[in-house]
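Visitor: Please show me the model, and then let us go through some of its packing together.

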Amino acid sequence: MSNIKKAFEKGKAFIAFLTCGDPDLETTARAVRAAVENGADLIELGIPFSDPTAEGPVIQGANIRALSGGITTDKIFDFVRELRRDIKTPMVFMTYANVVFSYGAEKFISTCREIEIDGLILPDLPFEEKGEFQPLCNQYGVDLVSLVAPTSKNRIAMIAKEAEGFLYIVSSLGVTGVRSQIRTDLASIVDVVRQNTKIPCAVGFGISTPEQAKEMAAVSDGAIVGSAIVKLLEKYGRNAPGYIGEYVKSMKEAVR
């Protein structure tokens, strides 16, 4: 359906998350390009929301900074249109159901199609309620990416059977953020996923070091990193893209 599968065609994927508009869209654009040039296989673009329930303090801070800077969904759509002139890497939006509802679900999802956004991740959308958006995503060829968490247990098989694009495996309970150790038995979760779908799966939440990325990619099809990248933006601001490029390069080498 979408281009997401291309991210996983050359072996283990490295997926980079960035909050749009932190500190401004020009910096986001340079950061995306730096990530792509240094091996990111898929880009997750966060659309800021005032109450990002899945996010820890680092990405919450990025949401607040972006919203304070006047970011809007329309500005982000225009920003992606511009990016797509030269960037062909698969891209997905990560945001909250309320953002899509308030914009108008059909208008939002049809615009995703128009600007070549390949998928949509809505961490606050329960699997059982995805019928709110699934028909529109099917209509416009945008993958609605499902998440499984350590608490999903007997629902993992059911979610995996209907997965699209890739399956996002949440490594740990709680919110996003850097963790010193990931103790979840991810191998058993991935085992259930593999028995129920051919769709690739990638692990996110808490990954920050090359060692963790290597470990997560060893049991799955890729690693997703957000907070560690957003921390670089918080620290270096408009000078962050160079640091992000170096960081992505080290992480991509680790998952390889």
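Visitor: Is serine 146 buried or exposed?

Guide: This is a predicted model, in which local features need pLDDT of at least 70 and side-chain atom pairs count only at pLDDT 80 or more, while totals for chains, interfaces and linings use all residues. Residues are numbered from 1 along each chain as its sequence is written, and side-chain values use heavy atoms, with hydrogens and water left out. Serine 146 lies in the loop between strand E5 (143–145) and strand E6 (147–148), strands being DSSP runs of at least two residues and helices of at least four, numbered from the N terminus. Its relative accessible area is 9%, and under 20% counts as buried, over 50% as exposed and in between as partly exposed (1.4 Å probe, protein chains only), so serine 146 is buried.

Visitor: Which residues does serine 146 touch, not counting residues up to four places away in sequence?

Guide: Contact means heavy atoms within 4.5 Å. Leaving out residues up to four places away in sequence, the partners of serine 146 are Phe127, Ile159, Phe166, Leu167 and Tyr168.

Visitor: How are H1 and H11 oriented to each other?

Guide: Helix H1 (residues 25–37) and helix H11 (residues 240–255) pack with their axes 8 Å apart, at an angle of about 25 degrees, where axes are lines fitted to C-alpha atoms over the stretch in contact and angles run from 0 to 180 degrees between N-to-C directions. Angles under 35 degrees count as roughly parallel, over 145 as roughly antiparallel, 65 to 115 as roughly perpendicular and the rest as oblique. H1 and H11 are therefore roughly parallel.
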